[in-house]
Amino acid sequence: MSTLASVFSMSPAGLILSVSTINLGKPSAWVQEFVGTLIMIAFTFSPGKWVGVDSIYVEWTAHAVGVVLADYISNGPHVNPAVSVTMYSLGKCDYFEMYTRIGGSMAGGLVAFPIFLQFSESLSLTALGGPAFDDDNSTSEEADMAFLSEYLATFLLMMAIYFLSWELNFGKYHYWIKQTLTAVFIRYLIVVFPAAGPAMNPMLGTAWAVFSSGGGSLPSDTAHYAIYWVASTLGGLTSAYVYTVYAGGTFFGQKAMFGPMKSDQVEKKSSKKKKQ
């Protein structure tokens, strides 16, 4: 009993709950998210800290390579609860798979920062940073801007994913091209929306908050959950509905009130060809 108690006390807050989700859906999906999150944080948080410290061009290139490799090595995980919820809304996964993927990514994030701190200290490297918003020393206007920043950044990220992955076709090298463009766009969003990090990912916001507080407790301020969970998830869901209006399909099992615009465009093109 004492051993079990010590394990609970040593583990980061939220880790046991995250691990408990492994059997709710596909265990393989949980493992994919867990491993993918570890790789993603290692490859995309190190540019500017461990790589490309003195060159923004090297930093951006290293980040782009990191995004592509993290996705390729771990076979395309979500590594982002907002993405998982959004994919569920579009019918790309069921509720239990969504929940399992969120648990896997949270577990990966909660153990990643402590692991990489030990790694950086052992090699005398700069410690990795993370997205943070200081609600205690911020005005309500700054909190509103942080919320809007996470909402818009996540919305734009998801729209980029839809069109680069599903709408455009880059031929033989589709995966490598679309993933590289996604990586560049992510870096662009990081620069344009700095108010809350940005995280564009609830897991990153909470995992970093737990780590930076010593790992003993989850964030207690409402602003944290509003900015990193509500705003980013709403941004993802808004993008899902907009994409449904454009391309068709369903949003939480229901068709959009209007659209799809894509089929209308195809019909117009085909009618023009017939007239010709």
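## Ground rules

Residues are numbered from 1 along each chain as its sequence is written. Because the model is predicted, local features need pLDDT of at least 70 and side-chain atom pairs pLDDT 80 or more, while totals for chains, interfaces and linings use all residues, and side-chain values use heavy atoms, leaving out hydrogens and water.

Helices here are DSSP runs (H or I, at least four residues), numbered from the N terminus.

## Helices α7 and α8

Two packed helices are described by the angle between their axes and the distance between the axes. Axes are lines fitted to C-alpha atoms over the stretch in contact, and angles run from 0 to 180 degrees between N-to-C directions. Helix α7 covers residues 140-167, and helix α8 covers residues 174-192. Their axes come within 10 Å and cross at roughly 165 degrees. The two helices are therefore roughly antiparallel (an angle over 145 degrees). Their crossing is right-handed (the near helix is turned clockwise from the far one by less than a right angle).

Which residues of α7 and α8 meet? From α7 come A153, L156, L157, A160, I161, L164 and S165. From α8 come H174, K178, L181, T182, F185, I186 and L189. Contact means heavy atoms within 4.5 Å. This contact has 10 nonpolar, 3 polar and 1 charged residues. Nonpolar covers Ala, Val, Leu, Ile, Met, Phe, Trp, Tyr, Cys and Pro; charged covers Asp, Glu, Lys and Arg; the others, Gly among them, are polar.

## Helices α9 and α10

Helix α9 (residues 202-212) packs against helix α10 (residues 222-247) at about 165 degrees. The axes are 9 Å apart. That makes α9 roughly antiparallel to α10. The crossing is left-handed (here the turn is anticlockwise).

On the α9 side, the contact is made by P202, M203, G205, T206 and A209. On the α10 side are H224, Y228, W229, S232 and T233.

## The largest pocket

A pocket is an open set of points on a 1 Å grid over the protein atoms alone, where a 1.4 Å probe fits, with protein on both sides within 12 Å along at least five of seven lines. The largest pocket has a volume of about 1,000 Å³ (the space filled by probe spheres set on the points).

Its lining has 39 residues (each with an atom within 4 Å of a point). M40, T44, V67, V79 and I186 lie nearest the centre. The elements giving two or more residues are α3 (27-45), α4 (56-73), α5 (81-89), α7 and α8. Helix α8 gives the largest share, 7 residues. The lining divides into 20 nonpolar, 14 polar and 5 charged residues.

## Backbone details

The peptide bond from G197 to P198 is cis, with omega near -5 degrees. P198 sits in the loop between α8 and α9. The bond from G259 to P260 is cis, with omega near 0 degrees. P260 is in the loop between α10 and α11 (261-275).

N75 lies in the loop between α4 and α5. Its phi is near 65 degrees, a positive value in a residue other than glycine.

Methods:
Angles under 35 degrees count as roughly parallel, over 145 as roughly antiparallel, 65 to 115 as roughly perpendicular and the rest as oblique.
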